[in-house]
Amino acid sequence: MTTADTSVRVAWSADADAIATLQAEAWRARYADLLPPEILAQIVPELFAEKWAASLDKPGDARNRVLVALEHSTVRGFAVTSPSPDDDADPIADGEVSELTVAAQHRRVGHGSRLLQAAADTLRADRFTRATMWLDSRDDALRAFVVSTGWEADGAHREVDPVGDGTVRLKQVRLHTTLVGDDG
């Protein structure tokens, strides 16, 4: 068994196309049984690439971060951290992991673990004391993975409208973790 050169770093604007490709692939798979085929066909990297490049060049808040998991120099996954936008959140204390995505063919080799740890470290460095993450209530595998790292459900749930016209409702549950340990 060989070991790969793997790491996590802050994303650069040059990573926008790779992140957009991963996001499009992940969303098509994640929503395949929820969205109509004509909507799924519109989920292409070009839909996201320009927005990623703009947000990586000029994030709206200094605490907005995009992290990428690399194998050699190839992006295999990404995570997004920021202040939590939730109505019940403390904007100083509560951060959020709003996206945690690893390419399907590169899961279960440590990229997700490295990304989630780097996201927690990044939020901690930005002086957040609690982190939250909204997950699709149907994604048992992702929820089990995140819970296995110490996150837990906090009882909050919501429905979002991924299409924007009210025809599709996606149920989500919120998980949280404390970022302040015995040493902090």
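Mentor: Contact means that heavy atoms lie within 4.5 Å. This is a predicted model, in which local features need pLDDT of at least 70 and side-chain atom pairs count only at pLDDT 80 or more, while totals for chains, interfaces and linings use all residues. Residues are numbered from 1 along each chain as its sequence is written, and side-chain values use heavy atoms, with hydrogens and water left out.

Trainee: Which residues does L40 touch, then?

Mentor: Not counting residues up to four places away in sequence, L40 touches R28, Y31, A32 and L35. L40 is placed in helix α2, residues 37-40. Helices (H or I, at least four residues) and strands (E, at least two) are DSSP runs, numbered from the N terminus.

Trainee: Is L40 buried or exposed?

Mentor: L40 counts as buried, because its relative accessibility is 14%. Buried means under 20% relative accessible area, exposed over 50%, and partly exposed in between, with a 1.4 Å probe and protein chains only.

Trainee: How far apart are L40 and Q105?

Mentor: They are 65 residues apart in sequence, and their C-alpha atoms are 20 Å apart in space.

Trainee: And Q23, where is that?

Mentor: Q23 sits in helix α1. Its relative accessible area is 7%, so Q23 is buried. Once neighbours within four places in sequence are left aside, Q23 is in contact with F48, W52 and F78.

Trainee: Let us turn to the cores. How many residues does the largest nonpolar core have?

Mentor: The largest nonpolar core has 23 residues, and those with the most contacts inside it are I19, W52, V66, V68 and F78. Such a core is a set of buried Ala, Val, Leu, Ile, Met, Phe, Trp, Tyr and Cys residues joined through side-chain atoms within 4.5 Å.

Trainee: Which elements supply it?

Mentor: At least two residues of this core come from each of α1, α3 (45-57), β2 (65-71) and β3. Helix α1 gives the most, with five residues. There is also a second, separate core of 21 residues, which includes A79, L100, V102 and L179.

Trainee: Why do such side chains sit together?

Mentor: In soluble globular proteins, nonpolar side chains tend to be buried together.

Trainee: Now the sheet. What is the strand order?

Mentor: The sheet is open and has seven strands in the order β1-β2-β3-β4-β5-β7-β6, with mixed pairing. Two strands pair if DSSP finds at least two bridges between them.

Trainee: Which strands stand at the edges?

Mentor: These are β1 (6-10) and β6 (152-160); each has a single partner strand, so one side of each is left without a neighbour in the sheet. From one strand to the next, the twist averages 25°. Helix α4 (residues 111-125) packs on the sheet and touches β1, β2, β3, β4 and β5, and its direction makes about 160° with that of β4. For these angles, axes are lines fitted to C-alpha atoms, for helices over the stretch in contact, and angles run from 0 to 180 degrees between N-to-C directions.

Trainee: How many salt bridges are there?

Mentor: The structure holds 14 salt bridges. A salt bridge is a side-chain nitrogen of Lys or Arg within 4 Å of a carboxyl oxygen of Asp or Glu. One of them joins the side chains of E99 and R30, at 3.7 Å from N to O. This pair links distant parts of the chain, since E99 is in strand β4 (residues 94-102) and R30 in helix α1 (residues 16-30), 69 residues apart.

Trainee: What about R174 and D86?

Mentor: Their side chains also meet in a salt bridge, at 2.9 Å from N to O. R174 lies in strand β7 (residues 170-178) and D86 in the loop between β3 (74-83) and β4, so the pair ties together parts that are 88 residues apart in sequence. R174 is buried at 5% relative accessible area, and D86 counts as buried at 11% relative accessibility. Salt bridges with shared partners join D86, D88, D94, R130, D154 and R174 into one network.

Trainee: One last topic: what is the phi of R108?

Mentor: R108 has a positive phi of about 65° although it is not a glycine. R108 is found in the loop between β4 and α4, and it is exposed, with a relative accessible area of 85%. R127 has a positive phi of about 70° and is not a glycine either. R127 is in the loop between α4 and β5 and counts as exposed at 71% relative accessibility.
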